[in-house]
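The exercises below each set a task and then work through it step by step. Please keep the sequence and the coordinates open while reading.

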Amino acid sequence: IMTFTKWNFTMSVLGIVIYVADIAADIWVTSNYFCEGQYSLGILTLVFRLLSSIIVQIFSYEWFKDDCGSPDPGKLNWIFLLHFLHGGIFTRYWFALKDGYQAAFKQNSSGDKLTGGPASIIHKRAIDAVTDISMLRVFKTFLETSPQLILQIYILMEHDKAAFSQYASIITSFSSISWSTLDYQISLRKSVPDKNQFSGVPPKLIYLLYKLFTLTSWILSIALVTLLNIISSIFLLIFLWTLGFSWTLKQHTTFCTSKRMEFLYRTVVGIILIFTFFNVKGEKTKMYISSYYATHVLVTLGIMCVCLFWKTSVTEQLYFTFVSITIVLTLGLGIICLIVYYMVFHPTIYFKQESASDKVDGLAGEREKEISRIRNFIME
């Protein structure tokens with residue numbers, strides 16, 4: 001039975017606090033750049049923020065239209081205005097917290113009904129609202145937070161000094177990435193009835209460490225490439241995006257209800273694949289994930305070798321030793337956590353309840369209105 005608990009409500013409140021803190025940190029950093037006369041860095045930071053926000057608002061508005069069916073034109077106009085003003089996430093948090101409060105705190109003594117409708121309906125509505133937010137936060141994480149984190153680390157290494165606001169931005173960015181990946185996986189398992197629940201501390205901790213370590217290693221590696229040569233870094237990112245986008249096209253994903261939204265979705269998928277792995281079809285992931293992270297290891301080692309033999313000035317800096325050790329250490333720990341997670345703590349193994357639907361984790365497939373759309377966006 002799908003239930004929205006008080007703990008889920010608390011985590012939703014914490015989620016919006018982290019979201020607001022992330023926005024505040026970006027504004028703080030950007031204002032410092034402009035005050036210091038570093039207009040190009042300030043504009044670049046704003047571009048990351050605005051582009052990601054626009055894409056998130058587009059997906060959020062389209063989902064509102066899909067979920068409403070034939071909504072009242074006046075209501076739809078208000079929803080459009082809120083998204084035009086970049087308030088889509090806050091609007092969704094409002095609905096999620098409103099329904100979540102009813103589900104978690106307003107159950108009557110019989111336990112059968114809640115304020116606003118039957119218990120099962122309210123609980124499902126709250127869970128679906130939270131899972132939609134989780135999906136949008138995943139989009140934001142890899143469209144804005146991860147690229148911005150690379151930028152902030154690059155600036156820190158390039159100038160060998162940083163304001164407190166930059167450190168705050170880096171810390172909040174890592175927190176946002178960690179939160180969105182873990183929160184997404186929890187929401188995924190909770191929102192799909194035939195999936196084993198992602199519960200218990202050990203699976204969550206190992207999954208969090210696997211994502212955090214592999215992302216840390218990869219982000220630092222890209223920052224090093226950017227430090228060597230910005231043009232080379234741009235070409236590397238474009239090449240990786242092209243591979244991810246092409247693979248998504250080959251998989252013939254059917255996540256969205258329109259062709260234009262499906263194209264935008266595949267474009268976003270290509271960007272996400274630059275940073276982390278997930279499967280875009282209901283197929284076995286063993287071969288894909290092995291190939292993906294084997295490539296990451298080879299590219300990371302290649303970057304380290306280039307840094308050592310191509311540009312001596314980089315290796316002479318004090319930070320290079322620290323960053324290099326961090327890259328190698330986090331990559332190794334990330335791969336170990338990945339192996340441990342899939343061999344020991346994956347829900348299909350950890351809970352000893354393997355079903356046919358749990359044998360393959362994928363993203364996309366036919367959208368089903370009876371359950372959350374998150375079924376079609378299963379990231380591992």
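**Exercise 1: Helical spans**

Task: determine how much helix and strand residues 41-64 contain, and how far apart the end C-alpha atoms are.

Solution: in this predicted model, the chain over residues 41-64 is 100% helix and 0% strand, with 35 Å between the end C-alpha atoms. The next step is to consult the record, where an unreviewed UniProt entry places the feature "transmembrane region" at several spans, including 41-64 and 318-344. Residues 318-344 are likewise 100% helix and 0% strand, and their end C-alpha atoms are 39 Å apart.

**Exercise 2: A ring pair**

Task: classify the pair formed by the rings of tyrosine 19 and phenylalanine 90 as stacked, edge-to-face or tilted.

Solution: a search of the whole structure gives 22 aromatic pairs. For tyrosine 19 and phenylalanine 90 the ring centres lie 5.4 Å apart and the planes meet at 70°, and because planes over 60 degrees apart count as edge-to-face, that is the class of this pair. Tyrosine 19 belongs to helix H1 (residues 6-35) and phenylalanine 90 to helix H4 (residues 88-105), so the contact ties together parts that are 71 residues apart in sequence. As for accessibility, tyrosine 19 is buried at a relative accessible area of 7%, whereas phenylalanine 90 is partly exposed at 36%.

**Exercise 3: Other ring contacts**

Task: find which residues ring pairs link into a cluster, and what lies over the face of phenylalanine 64.

Solution: the cluster linked by ring pairs consists of Tyr207, Tyr210, Phe277, Tyr292, Tyr293, Tyr341 and Tyr342. Over the face of phenylalanine 64 lies arginine 92, at 4.1 Å from the ring centre.

Notes. Residues are numbered from 1 along each chain as its sequence is written. This is a predicted model: local features need pLDDT of at least 70, side-chain atom pairs count only at pLDDT 80 or more; totals for chains, interfaces and linings use all residues. Side-chain values use heavy atoms; hydrogens and water are left out. Rings of Phe, Tyr and Trp (its six-membered ring) pair if their centres lie within 6.5 Å; planes under 30 degrees apart count as stacked, over 60 as edge-to-face and the rest as tilted. Helices (H or I, at least four residues) and strands (E, at least two) are DSSP runs, numbered from the N terminus. Buried means under 20% relative accessible area, exposed over 50%, partly exposed in between (1.4 Å probe, protein chains only). A charge sits over a ring if NZ of Lys or CZ of Arg is within 6 Å of the ring centre and within 35 degrees of the ring normal. UniProt positions are given in the numbering used here, feature names are shortened, and annotations may be inferred rather than shown by experiment.
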